[in-house]
Amino acid sequence: MTFKDFFLAFLLASAAMLATSCDRPASQVKSTKSAAGATAEPVAPTPVSLPQEVSFNEHIQPILSEYCYHCHGPDSGTRQPKDEPLRLDRPEEAFKIRENGKPVIIKGDSAASELIKRIHSTDEEEVMPPPESHKTLGPREIALLEKWIQQGANFQPHWSFVALTRPPVPQAGAESTNPIDHFIAEKLEGSGLTQNPPEDARRFHRRLSFDLTGLPPSPESTDAFVTRYAADADKAVSEEAKAMMVTPEHAEHLTRHWLDAARYADTHGIHIDNYRSIWPYRDWVINAFKSNMPWDQFTVEQIAGDLMPNRTLDQQIATGFSRCLATTGEGGAIGEEYDAIYAKDRVDTTSAIWLGLTTGCAACHDHKFDPISQKDFYSLTAFFRNTPMSSLDGNSAEHPPNVFVPPT
């Protein structure tokens with residue numbers, strides 16, 4: 001798979017993550033207490049919309065994180081109750097048999113599940129979330145939890161560890177020919193809205209150009225597109241998109257986004273922020289997008305191009321990815337401290353880009369949400385500390401180690 005294929009697939013998958021349509025209304029009856037302690041009349045049932053299949057990652061985990069994890073989540077310092085701590089972020093803990101002989105979540109039976117009983121309780125000593133949290137679950141959130149349990153209370157791993165799959169295209173928006181429009185139409189119909197009519201050809205061409213090149217189109221190219229669009233809209237859009245994606249401007253546009261993630265800069269970043277000669281790496285990225293380099297090659301050469309057999313100059317330049325971090329030559333700076341800072345920066349950046357994980361949290365403690373321990377974090381930093389680069393750059397534009405790159 002090339003990087004462009006990956007990029008387009010990612011956009012499609014992102015659009016497909018829209019919530020599914022709703023099937024049936026659900027209602028909740030909730031009692032409240034007046035200031036004097038008297039029980040008020042039950043609140044009238046509130047109709048809510050629910051998806052056909054409740055997803056843990058999409059629907060349930062956000063609810064548990066907002067209302068439950070402070071006392072029943074990954075933080076051992078705030079976990080309750082003290083005598084029999086409960087965790088709802090891990091299935092083995094959520095389904096663990098408690099002192100009463102039952103788990104707090106009984107698969108397929110929400111009414112019998114202690115989790116739901118506590119949510120509906122009118123006893124201030126038992127209701128969850130507790131009054132002192134100043135948080136109250138809404139009718140739809142309660143209904144989602146109930147339906148999730150009825151459907152088996154299936155947990156899911158973090159989305160970044162789940163292989164991407166192409167979801168079935170909804171039937172909504174049958175008049176559309178673009179699969180993405182069907183997902184959008186399904187969401188709009190569930191909200192009682194309708195799609196806008198197709199955009200004017202000139203405005204569409206301008207938007208397409210900004211999306212793919214970051215630049216406005218020339219008037220002449222827009223005129224030509226409008227003529228082709230009138231004859232065959234789908235063909236005109238496809239041909240124009242392909243034409244834009246082989247332009248240098250498209251490669252530079254993608255490079256701009258990549259360099260932001262790679263924290264690229266032509267200066268050191270700290271102290272007097274002196275110039276440094278790292279622009280060959282920028283040009284390497286541009287050329288990688290121009291040639292539509294395969295994603296695996298794009299990855300390996302940036303992380304370990306200098307370690308490859310019979311490495312080329314280009315592969316060494318690619319490892320400039322790890323040299324993009326901010327460095328210092330300030331007097332009084334402690335070299336050993338900055339060695340640790342640089343290693344942390346490289347682990348943070350590499351993990352965020354390629355793993356989709358915030359490993360930096362584990363620099364101080366075991367990660368509370370991702371499966372990264374503090375030991376794992378410092379094991380990763382060891383890879384980036386095997387370098388002859390000194391911690392203090394001396395404000396040099398050619399801080400070693402470096403290679404000479406002749407102009408092309």
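This is a predicted model: local features need pLDDT of at least 70, side-chain atom pairs count only at pLDDT 80 or more; totals for chains, interfaces and linings use all residues.

Residues are numbered from 1 along each chain as its sequence is written, and side-chain values use heavy atoms, with hydrogens and water left out.

A nonpolar core is here a set of buried Ala, Val, Leu, Ile, Met, Phe, Trp, Tyr and Cys residues joined through side-chain atoms within 4.5 Å, where buried means under 20% relative accessible area, exposed over 50% and partly exposed in between, with a 1.4 Å probe and protein chains only. The largest such core has 27 residues, and those with the most contacts inside it are Ile-60, Leu-64, Leu-88, Ile-105, Leu-145 and Trp-148. Two or more residues each come from helix H2 (56-67), helix H5 (114-120) and helix H6 (139-150), helices being DSSP runs of H or I with at least four residues, and strands runs of E with at least two, numbered from the N terminus. H6 gives the largest share of this core, six residues. Apart from it lies another core, of 21 residues, among them Leu-259, Val-285, Phe-321 and Cys-324.

The structure also holds 18 aromatic pairs, counted where ring centres of Phe, Tyr and Trp (its six-membered ring) lie within 6.5 Å, with planes under 30 degrees apart called stacked, over 60 edge-to-face and the rest tilted. Phe-56 and Phe-155 have ring centres 4.6 Å apart and planes at 40 degrees, so this pair is tilted. Because Phe-56 lies in helix H2 and Phe-155 in the loop between H6 and helix H7 (179-190), the pair ties together parts that are 99 residues apart in sequence. Phe-56, at 4% relative accessibility, counts as buried, and Phe-155 counts as buried at 17%. Trp-258 and Trp-354 form an edge-to-face pair, 5.6 Å centre to centre with 70 degrees between the planes; Trp-258 lies in helix H11 and Trp-354 in helix H15, so parts 96 residues apart in sequence are tied together.

Helix H15 has 21 residues (335-355), which at 1.5 Å a residue should span 30 Å, and its end C-alpha atoms, 29 Å apart, agree with this; the expected span is 1.5 Å times one less than the number of residues. The buried residues of H15, which include Tyr-338, Tyr-342, Arg-346 and Trp-354, pack against helix H11 (248-261), helix H13 (295-304) and helix H16 (374-383). Just after H15, Gly-356 takes a positive phi of about 70 degrees.

Note on methods: Contact means heavy atoms within 4.5 Å.
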